[in-house]
Amino acid sequence: MTETIENVQTQANRNEALLSVRDLRVTFQRHGEKPFVAVDGVSFDVRPGETVGLVGESGCGKSVTSLAIMGLLPRRGVKVEGEVDFQGTDLLRQSDDQMRDRRGRDLGMIFQDPLSSLNPVVPIGVQVTEVLERHRGMSRKAATPVAREMLDKVGIPDPERRLKDYPHQLSGGMRQRALIAMALACQPRVLIADEPTTALDVTIQAQILALLKDLVEDTGTALVMITHDLGVVAGLCDRVNVLYGGKIVERGDRHPLFASPRHPYTVGLLGSIPRLDGTRGERLTPIPGSVSDNLPWDSACAFAPRCPNAIEVCREARPELLDDGGGRWLRCHNPVENPLEVTR
Amino acid sequence: MTPNPLKTQADRRKERIDDLAATAGGSPSGTVTGAGEIEESPGVSLIASAWRRLRRNPVFLVGAGITLAFVVLAIIAPWIAPHDPTQGLLLDKVRQQSNPIPGSEPGFPLGADNRGRDLLSRLLVGAQQTLIVGVGATVIGLVGGLTLGTLAGAFGGWVDSFIMRIVDVMLSIPSLLLAMSLAAVAARPSQMTVILAIAIVEIPIFARLLRGSMLAVRSSDHVLAARALGVKQSAVVFRHIIPNSLAPVIVQATIVLATAIIDAAALSFLGLGNPDDRKPEWGQMLGASQEFLGDHPHLAFYPAACIIIVALGFTLMGESLREALDPKSRR
């Protein structure tokens, strides 16, 4: 199969996709330094009510992808290329003012650290109503009941009282709920969640994920879930994109991807999770090396130096993202054939 | 963030212990309700929790006590002063050759100065001038500094560079020297020229402080989050950046009050203050006492002590305020 087939297929998907990222490329360029390509030709689609995961370790370009979609990267020193199609408009070609109007109204985003993402000197209620005042043109007075309803919807008990509370008076889980309420106040069509559970306790993590899932299903919001936590992906995402070195290396539906990962990197990610049903005394199998070992994608597979499956061609030619025939997309010269053995 | 769950788990546990330790030691009013959650009584703002810490701080209490006493005395001075500070009531006791300074006597506990004016009354009423100059100079300096700092911090780029270079030039001149030059070029020195000279010296301090603090806040997560909600640029600056950048400026203002008082006294001492000596002023009293320093040191001692105590009061208050608002101690 070739790249053109991917294009044909995406053309078909495109009509129904709400957000469609095409060949997104983000280059950081400092004066007098070698440009660094953080995101290197990433493409994916998100349909209404669907959750798409972007998974990978630190430095693989997940967060930069989300900031590029939101138009939150600084103009200076950063080059963003490609296309982000949202209901027929290319978000990357919008002016700063147009993007400001869209953020919060059409596109919502929630962040990793709920405490530092809330303004510490402004009560929660004011922060929620601010969005409504901004995008709906409501007065503070008219927006307050809506804000209360929003807090109630995201599961904050006693919302009337919480409206007057300051962020430091809420627990971590409550803060993340408040952030979700702010992001969803104007019912955006697309919600980008950048590691929304990383800073939370395990029990709270599960509640927040369940909440996100409910909200997405109820409102038909498209959710882009950015995480390094495969547990989050397994519980929430319909489709999963595994990122490595700024490129998508494997893409597939959640169940088949977890059952039989084929890219050695995905296999490695799954292998480094501790399992309750594993044999006692069994060692975890971490991925050797770090992102700094990467080869340039131009002439090789970036993962090759860390890959147990690497063969000669991996260091000589760039692999392309190809359909393996079963709806799975892979960027690998030598994929894992019988994944069950490798993942124990 | 290499997926090594065992390590992250251990880290998370460590963090939680740290959190608990911090809550137990740092804020005695917060009760731990499990999972590291801190519940506080409703409606407690950051200012209120800082106030709770301040109330217990003896350093703050001393500083605030001195400041309060000074302000109250300065305001009611004209009514409580035993005599008119401008009238030479003991003029007949002044002997140019043998005894130029009348000592204390009934009704005049501290005696009088070389023109027979009651020293206690002059000290009390002098507090007024000191308060007006200190507060006036700080307020004007604050307004100017905040304006410049906001412009630099909000726009960045060449506006920032331009303003900050001017500020750098101003900061590179020793503050007292700058104030002296400014006061000296004034055609007719008066109280207003003193206030303006000191205010202009303070402007760059406030501008630089606010700008630096705004830069730090501008790159914080909650500002990014506000931008991700499409909040307008002006609202980002005025609602999200500036209120979070003001704490160091407020603290600086209390400390600057002390410096302003000392600077004002220094200018008067050097004869660059209000030339009208019918309005008593501590620095000017200090200057006038030089002549009699050998035989009558008390004439210099009282105004000097007043200046030192008042400056100390403001400094103690500012320092404890800084501690209470310091995010590191708040964590």
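Me: At which residues of chain B does UniProt place the feature "transmembrane region"?
Reply: This is a predicted model, in which local features need pLDDT of at least 70 and side-chain atom pairs count only at pLDDT 80 or more, while totals for chains, interfaces and linings use all residues. Residues are numbered from 1 along each chain as its sequence is written, chains are lettered from A and ligands numbered from 1 in the order in which they are written, and side-chain values use heavy atoms, with hydrogens and water left out. UniProt positions follow the numbering used here, with shortened feature names and annotations that may be inferred rather than shown by experiment. The record, an unreviewed entry, places the feature at residues 59–81, 131–159, 166–186, 192–210, 249–272 and 299–321.

Me: Over residues 299–321 of chain B, how far apart are the end C-alpha atoms?
Reply: Helices (DSSP runs of H or I, at least four residues) and strands (E, at least two) are numbered from the N terminus. Over residues 131–159 of chain B the chain is 97% helix and 0% strand, with its end C-alpha atoms 35 Å apart. Residues 299–321 of chain B are 100% helix and 0% strand, and the separation of their end C-alpha atoms is 34 Å.

Me: Is B:Asp263 buried or exposed?
Reply: B:Asp263 lies in helix α9 of chain B. Buried means under 20% relative accessible area, exposed over 50%, and partly exposed in between (1.4 Å probe, protein chains only). Because its relative accessible area is 10%, B:Asp263 is classed as buried.

Me: Leaving aside neighbours within four places in sequence, with which residues is B:Asp263 in contact?
Reply: The C-alpha atom of B:Asp263 is separated by 8.8 Å from that of B:Ser175, 88 residues apart along the chain. Taking contact as heavy atoms within 4.5 Å, and setting aside the neighbours within four places, the partners of B:Asp263 are B:Leu176 and B:Ile198.

Me: What percentage of the residues of chain A count as buried?
Reply: Chain A contains 12 helices and 12 strands. Of its 344 residues, the buried share is 55%.
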